[in-house]
Amino acid sequence: VITARHAPDALSRDLQRINLAKYCSALPVVFFAMCHARVIPGISDLSIFTSEDFEVLWALAAIVNSAFSFIWDLVMDWGLLHLMPHKPGNFGLRPVLLYPQPPIVYYLAIVLNFIGRTLWSLRWSEQATIFLGAFFLSSVQQAAEVLRRCLWNVLRVEWQCICKGKCARNDKSFPV
């Protein structure tokens with residue numbers, strides 16, 4: 001909110017507000033998971049929502065949050081999926097890629113980012129915790145989150161280098 005006030009133009013302010021909405025979309029995931037876990041079977045007759053209702057609300061909130069965050073990562077943070085001409089065989093990627101061909105690195109990062117975003121929401125699911133085990137689920141989720149954030153940072157820095165015109169070489173590629 002503070003950053004949005006000091007943004008240089010209306011578009012920047014709007015993007016800051018959308019980014020804030022992305023972070024706020026995580027709150028219903030946690031809230032509905034908590035409500036689902038707190039419903040007591042004998043007392044649920046007094047409530048208008050049942051445990052299953054909260055589970056459905058959690059699932060919808062998890063889908064919205066995961067999709068919102070995933071798309072924001074790709075479009076805004078990594079500069080991918082823009083409607084611009086791209087090289088043949090590089091569907092969804094930007095025209096300038098600093099990592100050498102083939103572009104499998106980018107597609108792998110996209111898949112791992114999706115898995116990491118989904119696992120974050122899944123860890124709030126009581127059923128997933130029971131099915132997979134709390135220790136296993138949290139260990140896999142935390143390892144995936146560390147990997148996701150590392151990849152996110154690498155591609156974010158690459159995108160900023162491209163945006164600011166500070167590429168390593170004139171042909172816009174450098175060895176990894």
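From the N terminus on, the elements of the protein run α-α-α-α-α-α-α, which amounts to seven helices and zero strands; helices (H or I, at least four residues) and strands (E, at least two) are DSSP runs, numbered from the N terminus. The model is predicted, so that local features need pLDDT of at least 70 and side-chain atom pairs count only at pLDDT 80 or more, while totals for chains, interfaces and linings use all residues. Residues are numbered from 1 along each chain as its sequence is written, and side-chain values use heavy atoms, with hydrogens and water left out.

Begin with the whole chain shown as a surface. The accessible surface of the protein comes to about 11300 Å², of which 71% belongs to carbon and sulfur atoms; the areas come from the Shrake-Rupley method with a 1.4 Å probe, and for residues only the protein chains shown count as cover. Of the 176 residues in the protein, 31% are buried, where buried means under 20% relative accessible area, exposed over 50%, and partly exposed in between.

Next, select Phe70, Leu74, Trp78, Leu80, Leu93, Leu97, Tyr99, Tyr106, Ala109, Ile110 and Leu155, the 11 residues of the largest nonpolar core. Such a core is a set of buried Ala, Val, Leu, Ile, Met, Phe, Trp, Tyr and Cys residues joined through side-chain atoms within 4.5 Å. Helix H4 (51-77) and helix H5 (104-122) are the elements that give two or more residues to this core, and the largest share, three residues, comes from H5. Centre on Ala109, which, leaving aside its neighbours within four places in sequence, is in contact (heavy atoms within 4.5 Å) with Trp78, Leu151 and Leu155. Apart from this core lies another, of eight residues, including Val29, Phe32, Phe54 and Trp58.

Move to Ser66, which has its place in helix H4 and counts as buried at 10% relative accessibility. A polar atom of the Ser66 side chain lies 3.4 Å from the backbone oxygen of Arg117. When neighbours within four places in sequence are left aside, Ser66 is in contact with Arg117, Thr118 and Ser121.

Finish at Leu81, in the loop between H4 and H5. Is this residue buried or partly exposed? Leu81 is partly exposed, with a relative accessible area of 39%. Its phi is near 65°, a positive value in a residue other than glycine. Most residues other than glycine have a negative phi.

Conventions
Buried < 20%, exposed > 50% of the residue type's maximum accessible area, 1.4 Å probe, protein only. Polar contact = N/O pair within 3.5 Å; in protein donor to acceptor, adjacent residues only side chain to side chain.
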